[in-house]
Amino acid sequence: MRCKNCGWENPEGSLRCSKCNAPLVGSMVERGVSPEDNKPLSGTVREDVEVEAVVSEKNCPRCGYPIRPDSDLCPSCGCTLGAAPVQQPVEQPVSAGPVGGTVNSWMNPEKGVFCTLKPIAWVNEKIDYQPVSYSGDKIILKRSNTDANNNSISSKAQAQLTNDGKDWYIENKSDQETTFIKVSRKTKLEPGDIIVLGNRLFEFQG
């Protein structure tokens with residue numbers, strides 16, 4: 001059975017063309033024209049069969065041949081329709097820093113702002129503690145990152161260190177308010193500051 005769309009000879013009883021997938025009833029071939037070369041096809045055309053106009057809603061991406069809406073194969077060049085076009089690799093621009101990729105291990109983290117805290121050994125404690133380094137303009141100090149076995153330090157947040165781009169500041173964050181600074185030099189006081197003398201607390205107002 002000859003396809004009326006592309007002229008392909010199909011086995012008798014076929015409902016659709018095995019080459020262009022067009023229905024085998026009603027086509028431009030009823031008008032006696034071959035889509036490949038616009039020449040009359042051989043064979044007798046039935047006069048009593050209603051001619052179905054071929055409506056093309058798309059063209060072959062390879063050769064531009066008009067394609068029936070229900071066709072999966074271009075009858076002109078054999079291109080398989082519906083296949084995703086091959087994507088060409090896009091060259092990625094070289095950036096100065098990572099964007100969701102691997103971090104350069106030699107770069108300074110957190111804007112390069114650092115400070116250190118060195119635990120001081122108690123009397124008769126035979127340990128030479130090493131300084132602990134912290135980075136970032138906002139650091140939460142707690143038990144795990146200061147002295148892991150010291151239960152007098154809050155496990156959630158004992159204090160917060162902040163850097164304004166020039167100076168470091170400390171704020172108490174513990175519920176028991178047990179964050180203090182040992183005065184070893186002239187220290188500026190602000191109204192409301194608490195001074196610890198021995199075991200007595202004093203509020204400063206100036």
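Q: How many salt bridges does a search of the whole structure find?
A: The search turns up 2 salt bridges, and the model it was run on is a predicted one.

Q: What makes the contact between arginine 2 and glutamate 9 a salt bridge?
A: The closest N and O atoms of arginine 2 and glutamate 9 are 3.9 Å apart. The cut-off is within 4 Å, so this pair counts.

Q: How do you know that lysine 188 and glutamate 190 form a salt bridge?
A: Their side chains meet at 3.5 Å, N to O. That value lies within 4 Å, so the name applies here too.

Q: Why is lysine 188 called exposed?
A: Its relative accessibility is 69%.

Q: Why is glutamate 190 called partly exposed?
A: Glutamate 190 has 39% relative accessibility. Buried would need under 20% and exposed over 50%, so glutamate 190 falls in between.

Q: And why does arginine 2 count as partly exposed?
A: Its value is 34%, which also sits between the 20% and 50% limits, so arginine 2 is partly exposed.

Now to the largest pocket.

Q: Which residues lie nearest the centre of the largest pocket?
A: They are Ile170, Thr179, Phe180, Ile181 and Lys182, out of 43 lining residues. The pocket has a volume of about 2,400 Å³.

Q: Which strand gives the most to the lining of the largest pocket?
A: That is S7, with 5 residues.

Q: How do the residues of the lining divide into nonpolar, polar and charged?
A: There are 23 nonpolar, 9 polar and 11 charged residues. Ile170, for example, is one of the lining residues, and Ile counts as nonpolar.

Methods: Residues are numbered from 1 along each chain as its sequence is written. This is a predicted model: local features need pLDDT of at least 70, side-chain atom pairs count only at pLDDT 80 or more; totals for chains, interfaces and linings use all residues. Side-chain values use heavy atoms; hydrogens and water are left out. On a 1 Å grid over the protein atoms alone, a cavity is a set of points where a 1.4 Å probe fits but cannot get out, and a pocket is an open set with protein on both sides within 12 Å along at least five of seven lines; lining residues have an atom within 4 Å of a point. Grid points are joined across faces, edges and corners, and a volume is the space filled by probe spheres set on the points. Helices (H or I, at least four residues) and strands (E, at least two) are DSSP runs, numbered from the N terminus. Buried means under 20% relative accessible area, exposed over 50%, partly exposed in between (1.4 Å probe, protein chains only).
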